[in-house]
Amino acid sequence: MTPPPDIPRSVIEPTTVVLTEDDRHVVRALAEALSGDPGALIDTPEWVAAARDLSCTLPLHLREAIRRFQRDPGEEGVLVVSGLPVDADRLPPTPSESGSVERHPTTSTASIALTALQLGDITAFRQEKGGALVQNIVPVPGREDFQGNEGSAPLKMHIENGFHPHRPDYVSLLCLRNDHEDVAALRTASIRRALPLVSDRSREVLAQQRFITHPPRSFGDSAGPAEPASVLSGHPDDPDVQVDFACTEPLDEEAKQALAELDHAFDRSARTFTLRTGDLAIVDNRITLHGRTAFRARYDGRDRWLHRVSVHVDSRRTRPVRSLDGDVLG
């Protein structure tokens, strides 16, 4: 599971799919079909069902890549799709309000939904941004140091909603525009690459229920108290990981040391790459953490702007917490 010794880590890239011109035309036509009605609402069963049906007609090249990634996310646990239709010259100003979401379909929101629905069901949490299915990642004035999607300081590595028993299986991030200086970058680190750097004893400790991952501040006080859990679970040679280095608390000194060792291992094996307009990063949230480098927000309508969508693979697993069999958990 470690990189071959004769291949430097620096050349191990996330799996990347670059859409051809023909592919882009197909995706754009599908996205425009989904966004043609200005009165439509993304957060309705009818719109999601239409998007699910149309996603089956995405270019074969793209569907094959997503299916392969779903079966095996590789060492990095990240799939990058480059060339999705985002009309950079026609984008409105970057939102700057807290809790920013997308309610009406656009070419970009349709594009992220179409690709995400080839992985599973797009979902959201009622306590976070009102349960909107497509959420904006934008800097908000006065929140520069916030450890969450509204900040611009370095964002610590984390599993999305790591505190939650029904955390997403995948997180999709579509770049509409990067920051002014083009320095904001996505950081990812997979347990598949970090695990060989962790001692046997620390692996044992990390697999025990000696940690509490608290809800992020974006959930407010509505999430309830978190319960002790392990950081590693599943097969010991290829485990899932559940940690947020801004919110995970070790419950004893040995657990603290093991968590620090894991943090160092993730830092050593992390990758940093820049998303630009039309780039989509799909992160396997079961094995790969993500974070962000710092940037300077200007709040002039041209700041960094991403769409975010969460995906669950098994809708039956989340059915007890989805009212009316809808797409919102909680």
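Q: How much space lies in the largest cavity?

A: About 60 Å³ of space lies in there. Before going further, this is a predicted model, where local features need pLDDT of at least 70 and side-chain atom pairs count only at pLDDT 80 or more, while totals for chains, interfaces and linings use all residues. Residues are numbered from 1 along each chain as its sequence is written, and side-chain values use heavy atoms, with hydrogens and water left out.

As for terms, a cavity is a set of points, on a 1 Å grid over the protein atoms alone, where a 1.4 Å probe fits but cannot get out, and lining residues have an atom within 4 Å of a point. Grid points are joined across faces, edges and corners, and the volume is the space filled by probe spheres set on the points. The count comes to one cavity of 30 Å³ or more.

So who lines the largest cavity? You'll find Thr123, Ala124, Phe125, Glu128, Ala132, Leu133, Gln135, Glu160, Asn161, Arg308, Val309 and Ser310 there. Strand S4 (121–125) and strand S16 (305–312) are the elements that give two or more residues to this lining; strands (E, at least two residues) are DSSP runs, numbered from the N terminus.

By class, the lining has five nonpolar, four polar and three charged residues. Here Ala, Val, Leu, Ile, Met, Phe, Trp, Tyr, Cys and Pro count as nonpolar, Asp, Glu, Lys and Arg as charged, and the others, Gly among them, as polar.

Technical notes: 1 Å grid on protein atoms, 1.4 Å probe; cavity = no way out; pocket = protein on both sides within 12 Å on 5 of 7 lines; lining within 4 Å. Helix = DSSP H or I, 4+ residues; strand = E, 2+ residues; numbered from the N terminus.
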